[in-house]
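The sequence and the model come first.

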Amino acid sequence: MQLDPQQQQAVNALGKNVLVSASAGAGKTGVLVQRLKKRVIQDRVRVSRILAMTFTAAAAAEMKKRLASELHIALQNSTNEEEKTWITQQLIELEAANITNI
């Protein structure tokens, strides 16, 4: 996913909560998934420590599905055994992750 500067800022923000608000089709889910992926893989934040909220159960399910897909791709592309182990653990935790609707 190609991110514009504002979207990249939302992905990279540290030390604060992030609210992504935009019109339908603007890429909110993609931005949030990229942020979650970065936090999990690069910043080593456990999936169980993340709260991601959206307005509908369908959107929350889609976000969880996309994150699982991104983590699987990262697992396949990783050459680092420690990172592979970490990603595998996070994929297991993803089933019970707090990715939900308001």
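## Basis

The model is predicted: local features need pLDDT of at least 70, and side-chain atom pairs count only at pLDDT 80 or more, while totals for chains, interfaces and linings use all residues. Residues are numbered from 1 along each chain as its sequence is written, and side-chain values use heavy atoms, with hydrogens and water left out.

## Overall form

The chain holds four helices and two strands. Helices (H or I, at least four residues) and strands (E, at least two) are DSSP runs, numbered from the N terminus. In order from the N terminus, the elements are α-α-β-α-α-β. The radius of gyration of the chain is 13 Å, close to the 13 Å of the globule rule for 102 residues, so the chain is as compact as a globular protein of that length. This radius is taken over C-alpha atoms, and the rule is 2.2 Å times the number of residues to the power 0.38.

Along the principal axes, the C-alpha atoms fill a box of roughly 40 × 30 × 25 Å. Among contacts (heavy atoms within 4.5 Å) between residues at least 6 apart in sequence, 68% join residues at least 24 apart.

## Core

Of the 102 residues, 34% count as buried. Buried means under 20% relative accessible area, exposed over 50%, and partly exposed in between (1.4 Å probe, protein chains only). In soluble globular proteins, nonpolar side chains tend to be buried together.

The largest nonpolar core has 20 residues. Such a core is a set of buried Ala, Val, Leu, Ile, Met, Phe, Trp, Tyr and Cys residues joined through side-chain atoms within 4.5 Å. The residues with the most contacts inside this core include Leu-36, Met-63 and Ile-87. Helices α2 (28–41), α3 (57–77) and α4 (81–94) each supply at least two of its residues. Leaving aside neighbours within four places in sequence, Ile-87 is in contact with Ile-41, Leu-71, Ala-74 and Leu-75.

## A buried glutamine

Gln-90 lies in helix α4. Gln-90 counts as buried because its relative accessible area is 0%. Not counting residues up to four places away in sequence, Gln-90 touches Val-40, Val-45, Arg-46 and Val-47.

## Surface

Leu-51 is part of strand β1 (residues 51–54) and counts as exposed because its relative accessibility is 58%. Together with Met-53, Phe-55 and Ile-102, Leu-51 makes a nonpolar surface patch of about 510 Å².

Note on methods:
Patch = residues over 30% accessible without salt bridge, like charges linked within 9 Å, V, L, I, M, F, W, Y side chains within 5 Å. Areas by Shrake-Rupley, 256 points an atom, 1.4 Å probe, with all protein chains shown as cover. Salt bridge = Lys/Arg side-chain N within 4 Å of Asp/Glu carboxyl O.
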